[in-house]
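A tutorial dialogue accompanies it.

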Amino acid sequence: MEEKNPPAWGSPESDPPAQEPPAAPADSAYTQWYEVKSGDTLWKIAKEAYGDGSLYPEIFKANQDILSDPDKIKVGQKLRIP
Amino acid sequence: MKLKSAFAGFVSMALAAVLLAGCANQMDPARKAIADIEAAVTAAGPDAAQYIPDQLQTVTNQISDLKMKFDQKDYKGVIAAAPALLAEAQGLAGAATSAKEAAQAAALEALNGEWSALSASLPAAVAAIDSRVNILSKSRKLPANLDAATFESVKTGLADAKTLWDQASAAQAAGNMEQAVTAARQVKEKADAALAALGMTAG
């Protein structure tokens, strides 16, 4: 289940060397969570949450402690929906 | 014989006069005793009725009993009972003050508790709403569960919530807990409304 999102950040050749994943943002009782289902992509999730799939980078940004690649999400992952 | 009965009559009349004089002598002190007790109750002020109503009612009932004794001309009885009741009446002012202070302390503690709870949660609620509104403002089309009019009202509510939160924080810093909590409750109302409109929930 790895449907592609449109490219947002540069080509693989210009990717920086592997780094420590960013620290998790401070969650609160008001953090909105979404559990990834089969067939989901960040684009689809953004379209559902925001009415506009092109805003998927917002979801990726909020979950960089969990996701290293916006195209690689797994069923059952719990993602923050800012 | 006639002299004997006249003398007896005279003695009876003299005795009655002495008794009457004695009673009249006690009437004024008895009246004053009741007046002093009532003055002590008045001195306790409206705080007695508000904070120690049962204690006040007990004293008031006893004053009524004393007045009944007075009406029955039992001045001796009034004078005997008055000192204890006066002491009780004089104690009302101090008891009312203590009860009032305790009530005010309890109210302040409740306000502090409510503030702690609200200040622990509301900033995060407002931040979550703020984040969502910022993202939706970039959206080419709003999600299916949100129309333009509702989104506008969410934005207005969010702005109001931020202003109110600043006011609440300032009031709390100045020690005005009632004002702080009142404003914070309004923030919560606006935040809850915005969260519901956006389809967001609290975990």
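The dialogue below takes up domains, cores, helices and the chain contact in turn.

Q: Which conventions apply to this model?
A: This is a predicted model, in which local features need pLDDT of at least 70, side-chain atom pairs count only at pLDDT 80 or more, and totals for chains, interfaces and linings use all residues. Residues are numbered from 1 along each chain as its sequence is written, while chains are lettered from A and ligands numbered from 1 in the order in which they are written.

Q: Into which domains is chain B divided?
A: Domain bounds come from an automatic or database domain assignment. In chain B, domain 1 covers 2-102 and domain 2 covers 106-198. Their C-alpha centres lie 61 Å apart.

Q: Which residues of the largest nonpolar core touch the most other members?
A: A nonpolar core is a set of buried Ala, Val, Leu, Ile, Met, Phe, Trp, Tyr and Cys residues joined through C-beta atoms within 7 Å. A residue is buried if 20 or more other C-beta atoms lie within 10 Å of its own, exposed if 12 or fewer, and partly exposed in between, with C-beta atoms placed from the backbone. In the largest core, of 22 residues, they are Leu122(B), Ala125(B), Ile129(B), Ala184(B), Val187(B) and Ala191(B). Two or more residues each come from helix 4 (75-138), helix 5 (148-173) and helix 6 (177-198) of chain B, and helix 6 gives the most, with nine. A second, separate core of 19 residues includes Ile34(B), Tyr51(B), Ile52(B) and Leu66(B).

Q: Against which helices do the buried residues of helix 6 of chain B pack?
A: Helices are DSSP runs (H or I, at least four residues), numbered from the N terminus. Contact requires C-beta atoms, placed from the backbone, within 7 Å. The buried residues of helix 6 of chain B pack against helix 4 and helix 5 of chain B. Helix 6 of chain B is followed by Gly199(B), with a positive phi near 70°.

Q: Where do the buried residues of helix 3 of chain B fall, seen down its axis?
A: The buried residues of helix 3 of chain B are Leu56(B), Val59(B), Leu66(B) and Lys69(B). Seen down the axis, they fall within an arc of 135° (taken from the directions from the axis to the C-beta atoms), so they line one face of helix 3 of chain B. The face turned away from this buried side carries exposed residues, among them Asp54(B), Asn61(B) and Asp71(B).

Q: How many residues does each chain give to the contact?
A: Chain B gives 17 residues and chain A gives 13 residues.

Technical notes: Two residues are in contact if their C-beta atoms, placed from the backbone, lie within 7 Å.
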